[in-house]
Amino acid sequence: MNTWTEKEPILSIKDVHKSFGELEVLKGVTFDVMKGEVICIIGPSGSGKSTLIRCVNALNEIQSGSIKVEGVEVNDPKLDKLALRRKVGMVFQQYNLFPHKTAIENIMMAPIQVLKQDPKEVEERAHTLIKKVRLQGKENSFPGELSGGQQQRIAIARSLAMEPNIMLFDEITAALDPETVKEVLVTIKDLAQDGMTCCLVTHEMGFAKEIADHIYFTDRGIIVEHGPPKTFFTDAKDPRTKEFLSQIL
Amino acid sequence: MKNNFSILYTYNKKLYHTVDSTRFSFWLVNSGYKWCIAFLFLTILYPVNAMASNYTYTMAFQAFLKWVPLLVKSGFVLNVIISFFAMMIGTALGVILGLAQVSQYKIVRIFASSVTQLFRNIPWLVLLFIIMLTFPFEIETDDKIYKIPDWTKAVFGFSLPIMANISEIVRGAIKSVPLGQWEAAESLAFSRQKTFWQIILPQCYKRMIPPWMNWYAILSMATPLVSLLGVEEIITLSRQAMEAENNNPELLIPFYSFALLIFFAYCYPIAKFTIALEKRYAVKL
Amino acid sequence: MTGFEQYFIELADTHPKWNFVYFYQEVERSRIITGIYYTIGLSILTVFFSVVVGLVGAWMQGSKSKLARLTVQGFIQFFRNTPPFVQLLFFYFALGQFTPTHSPDGWLEVPIISNFGWAVISLSLFAGSYNVEIFRSGIEAVPVSTREAAESLGYNRFQSFTKIILPLCFRICLPSLNNNLINLVKTTTQAFGIAVPELLYQCISVYNDYSTSMNAVMLLMFIVFFLIVGLIAWSSSALERKLKIPGYGV
């Protein structure tokens, strides 16, 4: 029986270890996310941040530790993956839209085919979502006809169509042109203001500072330092954090 | 009036039958529907016969072993010989045809590509039959009659589709060299001829070898078709051997399995090697 | 007797090498029609089943079970490296002897799989083994990240295979699939070897009745096969155009 209540963390990660063969990429990561909170995970490349959020969505398996989403253990062979993925939406660096479907079809596919929802109702929702990501008029364009930023916003809408409780963003602006980064970030900001729980892996420090409730800095598979953005960016204590921030800022 | 066309010999019933009576296919077709149906029923009755007779699989296998040397030495070797010669002739003609397909002259190009398309799209077996039926089976000079063995006609019959497919490989390989190479050579004052022979062709060899080998494997797997035309290769010999062993149905499994296995043993290494070559060249390109 | 028939009778008189016997002789005409009917029927059935075999094989190759993958690999290597003609003979003669029989009229024992049936089975497996490889390479061409996206939206393996991967893979494979299917149609002539009354078989029969009809019979075979092959090539390129996704280069 799941006794999870909104007072407990919506996402709870405890001592997670993950290795690819010989290479250990996560060496005991622990943190909690409360409902409605926006957290940003930052850190140098190869520090395991993307792996961590992929594990939350059960795209990668973990070796030990525990990941709980709304109190349900993800690291469990008997996990109902469909139930997990209804609760957790994920957006990728490479957008990964389905190239053979139009923008609106991309948004409508999963709710209709996986959740077997009523197509009419889904279509209405899809139009609302397209409006939300400010892409009215692009409903019937194919992904190949959209710019990177537009594709990424459709990808966000596609995840939202599943009506998740948590959104995971995996370096979603890394593959975009500087001009289009902003339009995607605005979309995420809207989301955060609506009270969506968001976990972002990002390199956009300015954005992280502005939007995040809490920032985690990872290096070599562990969380080196964390704190609210105000204190995190101004008085970092660990030398590694200092070095990283001095390079970025 | 004398002529060399077997079609006109067919009026001479006697001659026709001395030549063709051994051919399984002709027997099959000449014998008409009723015989075919009877033939089918005979095969249907096999399981019934099998239950009635005391002939066991062990006996069948022992009988089969006796025939293995013959099947390999004069049967499969002939398949290999046919495939070998057909490949040689087909490659030689195919290269010429392929070069003609990229000729400067439109008329040559059109002619070459129509020949290529014609022989690529016609089933091999149809082509084989046509060659077997239309070509002379003997050549008369003033004093002597030279009999043309059936298998040489088979070689010719196979070399035509091979020619067409090699022609496509050659054309494809030449076309795959980027246009920039032609332009670069032209800017270095190479003539068209020189560019072609010294710059373009050397880049094509490697691309042509894997598909060429692939076609060789396909060709060698097509050679059993000539058993329908009475050439004494492995399948014809297997049939004759089974007849000599009183057509016991238990013989079918060992004989046909052996034919499958020997082709597998021959073609599988070729396929593996082709894939290995493809990978090696793919990296360099 | 129509003018059409009259014309070909006269043509055969004046040009003995061009005896289009199947245009004016009822028996030969019905032979040719049966032949075309069987060739087309055999082609449609084998094309359909070979695609089914290819899809199932490609799906099994992506399975987690090592046994399933090995089975598919063995199947592919066997059917690709042995002559299709010997496969036909093996299926029909060697395996055919074990086919259970039934008795429709009470005294004749008929096997439940006819020679036509064996031709369909054998040729479908033969072409199917090529289709597995074709579909597999198409599936590999679909980026892993696209599959992950489907997975993160809650698609299970079967759903993402049928709804996301296949539609993309199909567009990538179409040219090589088309080649293989054309090759398959040409291979159906080999069913001659087990006396399936397809076009080649009927044409040889006509030729054996009227040896003067050789040229006419050959011409007919050329035209019929050219039309079938052309039809496949044409419908494949039409399909390719129809399935083209704007902004997605394949």
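## Helices and the end of helix 12 in chain B

A helix, as the word is used here, is a DSSP run of H or I that spans at least four residues, and helices are numbered from the N terminus. The model described in this report is predicted. In chain B, helix 12 covers residues 234-244, and after this helix comes B:N246, whose phi is positive, near 65°. The buried residues of helix 12 of chain B are B:I234, B:I235, B:T236, B:L237, B:S238 and B:M242.

## Helix packing within chain B

Chain B also holds a packed pair made of helix 6 (residues 57-101) and helix 9 (residues 150-176), whose axes lie 6 Å apart and meet at an angle of about 40°. Because of that angle, helix 6 of chain B counts as oblique to helix 9 of chain B.

The crossing of helix 6 and helix 9 of chain B is right-handed. Sorted by class, the residues in the contact of helix 6 with helix 9 of chain B are 19 nonpolar, 7 polar and 1 charged.

## The sheet of chain A

Chain A contains an open sheet of 6 strands, arranged in the order 6-7-8-3-9-10 and with mixed pairing. The edges are formed by strand 6 (88-91) and strand 10 (222-227) of chain A, each of which has a single partner strand, so one side of each is left without a neighbour in the sheet. From one strand to the next, the twist averages 20°.

Strands of a sheet pair through backbone hydrogen bonds, in either the parallel or the antiparallel sense. In chain A, strand 3 (residues 38-42) and strand 9 (residues 214-219) pair in the parallel sense, over 4 bridges. A:I39 stands opposite A:H214, which belongs to strand 9 of chain A.

## Contacts between chains

Of the 2 pairs of chains that touch, chains B and C have the most contacts between them. No contact, by contrast, joins chain A and chain B, and their closest C-alpha atoms lie 27 Å apart.

Where chains B and C meet, 38 residues of chain C are in contact with 38 residues of chain B. On the side of chain C that touches chain B, at least two residues each are supplied by helix 4 (66-80), helix 5 (84-95), strand 2 (110-111), helix 9 (199-209) and helix 10 (214-243) of chain C. Helix 10 of chain C gives the most to this side, with 7 residues. By class, the side of chain C that touches chain B consists of 22 nonpolar, 13 polar and 3 charged residues.

Notes. Residues numbered from 1 in each chain as written. Chains lettered and ligands numbered in written order. Predicted model: local features only at pLDDT ≥ 70, side-chain atom pairs only at ≥ 80, totals over all residues. Contact = placed C-beta atoms within 7 Å. Nonpolar A, V, L, I, M, F, W, Y, C, P; charged D, E, K, R; others polar. Axes fitted to C-alpha atoms, helices over the stretch in contact; angles between N-to-C directions. Parallel < 35°, antiparallel > 145°, perpendicular 65-115°, else oblique. Left-handed = near helix turned anticlockwise from the far one by under 90°. Pairing = 2+ DSSP bridges. Buried ≥ 20, exposed ≤ 12 C-beta atoms within 10 Å, placed from the backbone.
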